[in-house]
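Good morning, and thank you for coming. I would ask you to look at the structure on the screen while I speak.

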Amino acid sequence: MKYTKEHEWLRVEGDLVVVGITEHAATQLGDVVFVELPETDTMVAEGDEVCVIESVKAASDILAPVDGEIVAVNQKLADAPALVNEDPTGAGWFFKMKLDDLSVLDQFMDEDEYQDLIG
Amino acid sequence: MADLDGAELLLLGLDALHEGLGGKMVPFAGYRMPVQYPDGVMKEHLHTRSAAGLFDVSHMGQVILRPTGSMDELKLAFEALMPVDVLGLAEGRQRYGLFTNDAGGILDDLMFTNRGHHLYVVVNAACKAADIAHMIAGMPGVSVEPVTDRALLALQGPGAEAALAGLLPGVAAMRFMDHRVFGDIWVSRSGYTGEDGFEISIPEAGAEAFARKLLAQPGVAPIGLGARDSLRLEAGLCLYGHDIDTTTSPVEANLTWAIQKARKAGGAREGGFPGAARILKELAEGPERLRVGLRPEGRAPMREGVELFAEDGTPVGRVTSGGFGPSVNAPIAMGYVARAHAMLGATLLGEVRGKRMPVTVTEMPFQPTTYKR
């Protein structure tokens, strides 16, 4: 698992990468009450706002961590946004991306580096 | 402890208790306050509606108004600042009030109590210095005495009566908006959640021990500012500085229920409060805009600042408070809408992230109130 400074986790699954937010981020956001998911089969660029998460406190954006194509989204979040809090690194995933080259993930933090960040 | 502006934050008397309970402390109205505890806003909200929630609202301003002449003179002097019947308030009863300005806008909203020989007033934290100055300037001959050595706790929810009666058995006999004194503890049966409950003013020296005893009662949990906001939103209650301010009149704010007959046209003491010309005119002819309840379709919350449009695209208003209602289990909001569009059941459009989403004008409260009348 890799981590971004924006508190997203990235997990390689075959030739795809699954994206979600970390437990730390979910705790900071508070109870998630709404998730706006991106369209599938769309090309996105690194830094694009692809999801909106609304918690009881505020709205936050999820940014595309890298360039690529959104090939799947977690439709369960539409009816059960609380999955983001209950299981942020499992059932609470947001979307899956197809990348040209998975080696771009090397730039991101590993578990230890991320733990240091949130220390 | 400094906030983002570098200004010193005031510490609540119960600061250590909040820290010990795992409260997440944030700056609010110049104070360091718990926005939530480890349970989080959603659970705290639902707990208050199903059991009992304890809130520290000691940041609010408590003030005693003491007459130099008769009590009736004091009541009439206070009436000169508000479109509210003070004279008719019986001893041991509390009432909602509003300070208005000459333009008919709202300077603050407040609760006041007739305590026989004086009035006891509770005002908003962010307004308290201005309110005190306003009362001193507006009521010559009245002694305006800020109460600075007392905490203010709120215990709210269906379990509040049993929990507080465990310490003060006499509270069980109180009804909504009653006020009673138990030694040096002052109790009102009121609150800001839509639930039955109490507000408890207690000398700071004994406040932490009392709060701990309340927390030890069955079903009582500490609740932060986050849930306080979602609870009051579901109850349709205004937050000063957001839903009401110096630009909104009490009539526009849909607070005409707070203006008793005695102060309206044809009443025994008609007018005679700041902004009476505008307020009486709006009572007679209707206001240009009205605060209404709003139910967004779907699950996306509409928060403060969301612009509202008629279905033909005409701008008609703005959301002043909004979010997710945990008990309603849906997004809810309130805002001001041009009168022609402020009809129950009307569909408007709220613009969220560039998209216009349907929203229905609805009655408030969103969640039925459970006051013990």
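Let me begin with a definition: a cavity here is a set of grid points where a 1.4 Å probe fits but cannot get out, and its volume is the space filled by probe spheres set on those points. Please keep in mind that the model before you is a predicted one.

With that definition in hand, how many cavities of 30 Å³ or more does the structure hold? There are 4. The largest cavity contains about 50 Å³ of space. Its lining includes Leu14(B), Leu17(B), His18(B), Leu21(B) and Tyr37(B). Further along chain B, Leu54(B), Phe55(B) and Asp56(B) also take part in the lining, as do Leu153(B), Leu215(B) and Pro222(B). By residue class, this lining divides into 9 nonpolar, 1 polar and 1 charged. Two elements of chain B, α1 (15-20) and β4 (52-56), each contribute at least two of the lining residues. The largest share, 3 residues, is that of β4(B).

I turn now to the interface between the chains. Here 13 residues of chain A are in contact with 12 residues of chain B. Together the chains bury an area of about 1,200 Å², and carbon and sulfur atoms give 49% of this area. Which three residues supply more of the area that chain A buries against chain B than any other three? They are Val33(A), Val56(A) and Lys57(A), with 38%.

Between chain A and chain B we count 4 salt bridges, and 5 residue pairs are in polar contact, with both residues at pLDDT 80 or more. One salt bridge joins the side chains of Glu54(A) and Arg353(B), at 3.0 Å from N to O. On the side of chain A that touches chain B, the elements giving two or more residues are β4 (32-36) and β6 (49-55) of chain A. The residues on that side comprise 7 nonpolar, 2 polar and 4 charged.

Side chains of opposite charge can pair when their charged atoms come close. Over all chains, the structure holds 26 salt bridges. Among them is the pair of Lys96(A) and Glu13(A), whose closest N and O atoms are 3.0 Å apart. Why does this pair tie together parts that are 83 residues apart in sequence? The reason is that Lys96(A) lies in strand β9 (residues 95-98) of chain A, whereas Glu13(A) lies in strand β2 (residues 8-13) of chain A.

I close with two points of backbone geometry. In chain B, the peptide bond between Met364(B) and Pro365(B) is cis, with omega at about 0°. Pro365(B) is placed in the segment after β20 (355-362) of chain B. In chain A, Asp41(A) has a positive phi of about 60°, although it is not a glycine. You will find Asp41(A) in the loop between β4 and β5 (42-44) of chain A.

Methods: Residues are numbered from 1 along each chain as its sequence is written. Chains are lettered from A and ligands numbered from 1 in the order in which they are written. This is a predicted model: local features need pLDDT of at least 70, side-chain atom pairs count only at pLDDT 80 or more; totals for chains, interfaces and linings use all residues. Side-chain values use heavy atoms; hydrogens and water are left out. Contact means heavy atoms within 4.5 Å. Buried area is the accessible area (1.4 Å probe) that two parts lose on being put together, summed over both. A polar contact is a pair of N or O atoms within 3.5 Å; within protein, one must be able to donate a hydrogen and the other to accept it, and residues adjacent in sequence count only if both atoms are side-chain atoms. Helices (H or I, at least four residues) and strands (E, at least two) are DSSP runs, numbered from the N terminus. Ala, Val, Leu, Ile, Met, Phe, Trp, Tyr, Cys and Pro count as nonpolar, Asp, Glu, Lys and Arg as charged, and the others, Gly among them, as polar. On a 1 Å grid over the protein atoms alone, a cavity is a set of points where a 1.4 Å probe fits but cannot get out, and a pocket is an open set with protein on both sides within 12 Å along at least five of seven lines; lining residues have an atom within 4 Å of a point.
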